[in-house]
Amino acid sequence: MTIGSVDGVNSPAITYLDHAASTPMRAEAVEAMMPYLRDQYANPSGSHRFARQARQAIDESRDRVAAVLGCHPNEVVFTGCGTESDNMAITGAVGRIGGVAVCSAVEHHAVLEVVEHHHGAVVGVDAAGRVDLDELAATLDRIVADDRPVAIVSVMAVNNEVGSINDLPAVARIVRRHAPGALVHTDAVQAACWLDLRTVTPHVDLLSLSAHKFGGPKGVGVLVERGGPRVDPLIIGGGQERERRSGTHNTAGIVAMATALELTDAERDVERLRLTELRDQLVKGLQAALDGVTETVPAADKVAGAAHVCIADIESEALLYLLDEADVCASAASACASGAMEPSHVLAAMGVSRELAIGALRMSLGHTTTEDDVHRGIEVVVDAVTTLRRGATT
Ligand code: PLP
């Protein structure tokens, strides 16, 4: 995909392989939001006709989002982002139910840090990044045996770094059996492009989404609360969203999110096939041209957009620098702490050795990815890795 002009300045052609970080807005979503930025700017909480029109747009969007998620419109709470939805689920459950929050070790920081903040429990994962179901059951048993309630169990639908998919029906079954009072939450922020959410929602009590991961704008998300209010609100004040989430509605963002979600849902099956092929081409292309390229999670266990590899004998920070120089956008999810590369918490939890994890490269594909992107991605990564390896031996 070529990214055209930014503020009238033509930027060079970008090869964008970072869709898991944020995917470009769909043109239809941009179109859908414009009237609410330009003309219908009234505060939807107002009482005049102009305000009622904005409120109607929000209600219609709620119906459209609910239809894709397979829930009742009253169960949809519009939030400010995926991070807020995750925080509301966990902090709100601990506030309402009390007791211990539990999550998997590979959750996004929007979940993991909140669980740790509440002194919760973290459950390990297998080599593919899926929660260890036996360990989950044992952890719940241990908490219950200590006479503490489990407030919430949060297990992500799809991992944002390596793309692995959790078996949420199995997770829910274990929670219902071992900690029947606990709520089941899933961070489905990375799932909308790949999973039919109607097959996910019925198994959980709470589900988080974020619009900018599926072609909507940044700064708008959803928390589904199945069966009515399940957790304390995080933001109180004006009483919007039936007291679930105060703050003036982002009308334009909500309308655009509904449009993007419907399109994503309609195109999912075709896109999944198309991108599986491109993803496999990308990974196989790198493996054919370079020694020491390990696909972190096998294709069968992950979503189509995830092309995460560990490349031997290089450091991802240096690789990303060279990719950036060549206008290829990717990421690594390693943190550079006090000058030393720290492997990502996801790879560490999966048992990937530090040596391999240091060379992690996350390339993620999405709705604008083309075969040209894949060819250019291979060419630039191969060049950069060859340069780095040559440098290391001279
Ligand atoms: N959860 C997951 C799995 C994510 O990938 C992200 C974003 O990267 C978030 C939560 C946070 O979403 P947002 O950027 O809308 O705050």
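Reply: One definition is needed at the outset: domain bounds come from an automatic or database domain assignment. The model itself is predicted. For this protein the assignment gives domain 1 (4-25 + 268-393) and domain 2 (27-263).

Me: What makes the largest pocket one that lies between domain 1 and domain 2?

Reply: Its lining decides the matter. Both domain 1 (4-25 + 268-393) and domain 2 (27-263) contribute lining residues, and therefore the largest pocket lies between them. The lining comprises 23 residues, with H108, H109, N160, Q190 and K213 nearest the centre of the pocket. Helix α3 (residues 82-97) gives the most to this lining, namely three residues. The volume of the pocket is about 340 Å³.

Me: How is the lining of the largest pocket divided into nonpolar, polar and charged residues?

Reply: It holds seven nonpolar, 10 polar and six charged residues. Asp, Glu, Lys and Arg count as charged, so K213, one of the residues nearest the centre of the pocket, belongs to the charged class.

Me: Why is the other space called a cavity, and how much space lies in the largest cavity?

Reply: A cavity is a set of points where a 1.4 Å probe fits but cannot get out, whereas a pocket is an open set. The count comes to one cavity of 30 Å³ or more. About 280 Å³ of space lies in the largest cavity. It is lined by 31 residues, and C193, W194, K213, L365 and G366 are the closest to its centre.

Me: Which parts of the chain supply the lining of the largest cavity?

Reply: α7, β12 (306-311) and β16 (360-364) each supply at least two residues, and α7 gives the most, with five. By class, the lining of the cavity holds 11 nonpolar, 13 polar and seven charged residues. Domain 1 and domain 2 each provide at least three residues of this lining.

Me: How do you know that domain 1 and domain 2 are in contact, and how many residues does the contact take from each?

Reply: Contact means heavy atoms within 4.5 Å. The centres of the two domains, taken over C-alpha atoms, are 28 Å apart, and the contact takes 27 residues from domain 1 and 38 residues from domain 2. Domain 1 and domain 2 bury about 2500 Å² between them, with 57% of it on carbon and sulfur atoms. On the domain 1 side, M25, R268 and H345 lose the most area to domain 2, together 30% of what that side buries.

Me: Why is the pairing of D301 and R130 called a salt bridge?

Reply: The rule requires a side-chain nitrogen of Lys or Arg within 4 Å of a carboxyl oxygen of Asp or Glu. The N to O distance for D301 and R130 is 3.3 Å, so the pair qualifies. The count between domain 1 and domain 2 is one salt bridge.

Me: What makes E267 and R26 a salt bridge, and where in the chain do they lie?

Reply: Their closest N and O atoms are 3.0 Å apart, and the limit is 4 Å, so this pair also meets the rule. The pair links distant parts of the chain: E267 belongs to helix α7 (residues 251-289) and R26 to the loop between β3 (15-16) and α1 (27-38), 241 residues apart. The structure holds 19 salt bridges.

Definitions and conventions
Residues are numbered from 1 along each chain as its sequence is written. This is a predicted model: local features need pLDDT of at least 70, side-chain atom pairs count only at pLDDT 80 or more; totals for chains, interfaces and linings use all residues. Side-chain values use heavy atoms; hydrogens and water are left out. On a 1 Å grid over the protein atoms alone, a cavity is a set of points where a 1.4 Å probe fits but cannot get out, and a pocket is an open set with protein on both sides within 12 Å along at least five of seven lines; lining residues have an atom within 4 Å of a point. Grid points are joined across faces, edges and corners, and a volume is the space filled by probe spheres set on the points. Helices (H or I, at least four residues) and strands (E, at least two) are DSSP runs, numbered from the N terminus. Buried area is the accessible area (1.4 Å probe) that two parts lose on being put together, summed over both.
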